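The entries below follow the order in which I went through them.

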Amino acid sequence: MTAQTALGLADAVAEHLADPGGVSFPTAHRQHLALGLPGIALLHIERAAAGLGPWQRAHDWLAAASREPLTSGPDSHPFYGAPAFAHALACAADHLPGAYRRALATLDRQTAADAKRRVDAAHRRIDTGRLPALAEFDTVRGLTGYGAHLLRRAPDSSVLRAVLGYCVRLTQPITHDGETLPGWWTPTNPSGRPDERFPGGHANSGMAHGIGGVLALLALAARHGTSVAGQYEAVGRILTWLDNWQEDTDDGPAWPYWVTRPELRAGRLAPSAPRRPSWCYGTAGLARARQLAALALGDTRRRLDAENALVAALTDPVQLGATTDNALCHGFAGLAHIAARAADDAHPSTAGQLRFVIPALLAAAHPPGTDPAHTATALIRDEERGPGLLDGAAGIALALLASGAAEPPRTAWDACLLVA
């Protein structure tokens with residue numbers, strides 16, 4: 001796929017999503033960054049910042065997203081309610097000096113207060129020796145996601161340092177039922193529910209719900225000059241864990257989605273079918289997190305290892321064959337976006353290889369010769385995935401827009417994914 005073709009589909013999706021009144025959402029999804037209005041607002045904000053569309057569309061979607069009272073407090077999280085809307089609003093405000101100032105200040109205070117309350121609760125949990133829930137620390141619902149927002153909005157704040165301090169403590173081993181476990185070990189399945197298929201719980205590796213997101217946050221904060229005691233040691237503990245569970249395949253290294261209690265006791269992974277190398281789970285997201293960590297540590301060898309692992313994953317027919325959709329979260333558009341972001345930071349010896357794979361990933365997301373308008377219509381009408389950010393049309397369009405352009409995104413729309 002040429003860059004122009006990718007931009008054509010992104011434009012077609014934006015046109016189909018021009019009017020928030022023309023798209024219906026379940027009530028539960030309206031405030032959701034992944035599924036609802038704030039995520040679609042990001043598409044119009046990015047296009048407006050790049051001079052590709054009018055700011056009025058961005059304002060219309062932001063207005064629609066905030067028409068009903070925003071959920072805050074314990075019922076909200078980084079991808080739902082006030083914090084989710086704050087991310088979208090901040091992306092717009094960065095390019096419209098003076099706009100949304102009062103609303104954003106209120107949202108920033110709410111988000112910081114929620115983060116501090118969650119940090120205090122997490123420390124109380126650790127003090128009692130209990131295992132964490134995924135929603136305590138993950139990127140989508142937990143403190144890693146709050147940290148991503150604070151790193152943008154309040155990088156010198158005591159609240160961000162409190163979140164980072166918690167992340168450091170999370171990486172320290174914990175003894176539970178007589179066994180030493182990593183501090184992020186959860187007693188449930190990857191969906192956060194008890195499950196007989198996960199006896200004794202699991203250690204989640206993913207960017208969306210596991211320690212990969214924590215690694216990326218700690219690395220990005222260090223790169224931005226914000227650090228707390230033990231931060232680099234925590235990065236090292238996570239990297240060592242991932243090193244220990246790395247699988248060396250014929251097509252390069254890969255990392256598991258999670259490690260179960262039987263696997264931990266056996267010291268090896270159970271056989272599994274090939275898994276897609278996505279953002280949310282898998283080698284692509286973790287390779288980017290490891291690259292960011294290597295950059296923060298100044299470790300050139302580890303940086304090259306991460307970049308080569310990403311190239312291998314994105315050119316491996318077996319892993320790509322397990323990728324069955326185009327979504328930002330776990331599809332070809334997301335892989336193209338990770339490749340583009342990683343290439344911007346890559347060593348010269350691997351940057352060209354990463355950029356070389358992007359056209360093939362874009363072609364998988366939108367085959368050459370396909371009518372953009374027809375594809376956009378099909379994406380938006382897909383009842384399973386919807387028009388939203390993580391699984392749907394808006395996220396695909398944003399990823400294609402970023403991957404097809406010659407420069408990085410104009411806004412920080414993907415900061416919520418901790419890939420940049």
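I looked up arginine 303 and found it in helix 13, residues 300-315. Helices here are DSSP runs of H or I with at least four residues, and strands are E runs of at least two, numbered from the N terminus. This is a predicted model, in which local features need pLDDT of at least 70 and side-chain atom pairs count only at pLDDT 80 or more, while totals for chains, interfaces and linings use all residues. Residues are numbered from 1 along each chain as its sequence is written, and side-chain values use heavy atoms, with hydrogens and water left out.

Is arginine 303 buried or exposed? Arginine 303 counts as buried because its relative accessibility is 18%. The cut-offs are under 20% relative accessible area for buried, over 50% for exposed and partly exposed in between, with a 1.4 Å probe and protein chains only. I noted that its side chain reaches the backbone oxygen of alanine 346 at 3.2 Å. Beyond the neighbours within four places in sequence, arginine 303 is in contact (heavy atoms within 4.5 Å) with Ala294, Leu295, Asp345, Ala346 and His347.

Next I went to asparagine 204, which sits in strand 3, residues 202-204. Asparagine 204 counts as buried, because its relative accessibility is 0%. Its side chain makes a polar contact of 3.2 Å with the side chain of histidine 202. A polar contact is a pair of N or O atoms within 3.5 Å; within protein, one must be able to donate a hydrogen and the other to accept it, and residues adjacent in sequence count only if both atoms are side-chain atoms. With neighbours within four places in sequence left aside, the contacts of asparagine 204 include Leu134, Trp184, Trp258 and Tyr281.

I then checked proline 368, in the loop between helix 16 (348-365) and helix 17 (372-381). Proline 368 counts as exposed, because its relative accessibility is 59%. Proline 368 and threonine 5 are 363 residues apart in sequence, yet 7.7 Å apart in space, C-alpha to C-alpha.

Helix pairs came next. Helix 3 (residues 55-65) and helix 4 (residues 82-93) pack at about 160° with axes 11 Å apart, so helix 3 is roughly antiparallel to helix 4. Axes are lines fitted to C-alpha atoms, for helices over the stretch in contact, and angles run from 0 to 180 degrees between N-to-C directions. Angles over 145 degrees count as roughly antiparallel, under 35 as roughly parallel, 65 to 115 as roughly perpendicular and the rest as oblique. Trp55, Leu62 and Ala65 of helix 3 meet Phe85, Ala88, Leu89 and Ala92 of helix 4. Ala, Val, Leu, Ile, Met, Phe, Trp, Tyr, Cys and Pro count as nonpolar, Asp, Glu, Lys and Arg as charged, and the others, Gly among them, as polar.

The axes of helix 16 and helix 18 (residues 393-404) come within 11 Å and cross at roughly 150°, so these two helices are also roughly antiparallel to each other. Ile358, Leu362 and Ala365 of helix 16 make the contact with Leu400, Ser403 and Gly404 of helix 18. That contact has four nonpolar, two polar and no charged residues.

Last, I looked at backbone angles. Tyrosine 100 is not a glycine but has a positive phi of about 60°. Tyrosine 100 is in the loop between helix 4 and helix 5 (101-127), and is partly exposed at 22% relative accessible area. Leucine 418 also has a positive phi of about 60° without being a glycine. Leucine 418 lies in the segment after helix 18 and is buried, with a relative accessible area of 1%.
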